[in-house]
Amino acid sequence: MSDSDKELRVAKIQSGTVIDHIRAGQALNVLTILGIEGTSGEQVSIGMNVPSGTLAHKDVVKVEGRELSQDEVDVLSLIAPDATINIVRDYEVVEKHRVERPESVRGVLSCPNHNCITNAKEPVDTEFAVLGDGVRCAYCETIIREDIAAHITD
Ligand code: CTP
Ligand code: ZN
């Protein structure tokens, strides 16, 4: 067996998106962000704790026939700051970019502070400033550092 055969853990895809260099342990959260539950017939391959050059181990998620929206990439950047998004067509990577952390995210995270105006009866859209190591509610300044994925809405 050649070295490249030994390295291939998850088959190449024909066309779609490969999210590579995901922080180990975050693959399932990536699926949550993409709204993938596996019940709609999507073809998805997942590699977890795969050896990687730059990170000691990484996760990889490959989705056939799908490209990601900027909103999805923005949220991904919060839990997988080193991820690369590879667009594949006809088995070739035709586009590759690192995710970039946006300055803020709107309407994608819920504030854990029950007294926050974003949790009031007539809710205001949430907005969080993106910090080096977490996110801060623009309304009540609550900071979420751990497990940001648990606060993702819909
Ligand atoms: N990939 C895939 N299907 C394809 C082409 C690529 O699943 N048809 C995957 C590769 O397995 C890899 C990622 O997409 O996980 C990026 O592919 P490529 O750019 O060829 O690999 P590298 O050069 O190793 O990427 P990087 O430099 O970003 O680590
Ligand atoms: Zn708040």
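**Zinc site and ligand 1 shell**

Along the chain, the donors of the zinc ion (ligand 2) follow the spacing C-x4-C-x20-C-x2-C, donors being N, O and S atoms within 2.8 Å of the metal (3.2 Å for Na, K and Ca), with water not among the atoms, so sites may look incomplete. The model is predicted, with local features requiring pLDDT of at least 70 and side-chain atom pairs pLDDT 80 or more, whereas totals for chains, interfaces and linings use all residues. Residues are numbered from 1 along each chain as its sequence is written, chains are lettered from A and ligands numbered from 1 in the order in which they are written, and side-chain values use heavy atoms, without hydrogens and water.

The SG atoms of Cys 111, Cys 116, Cys 137 and Cys 140 lie 2.3 Å from the zinc ion. These four donor atoms subtend angles of 99 to 117°, which makes the arrangement tetrahedral (all angles between 85 and 135 degrees). Cys 116 lies in the loop between strand 6 (104-106) and strand 7 (127-131) and Cys 137 in strand 8 (residues 134-137), so the pair ties together parts 21 residues apart in sequence; strands are DSSP runs (E, at least two residues), numbered from the N terminus. Both Cys 116 and Cys 137 are buried (under 20% relative accessible area, 1.4 Å probe, protein chains only).

Polar contacts are pairs of N or O atoms within 3.5 Å. A nitrogen atom of ligand 1 lies 2.8 Å from a polar backbone atom of Ile 13. An oxygen atom of ligand 1 is 2.6 Å from a polar side-chain atom of Lys 62.

Conventions: Polar contact = N/O pair within 3.5 Å; in protein donor to acceptor, adjacent residues only side chain to side chain. Tetrahedral: all angles 85-135°; square planar, octahedral: opposite > 155°, others 65-115°. Helix = DSSP H or I, 4+ residues; strand = E, 2+ residues; numbered from the N terminus. Buried < 20%, exposed > 50% of the residue type's maximum accessible area, 1.4 Å probe, protein only.
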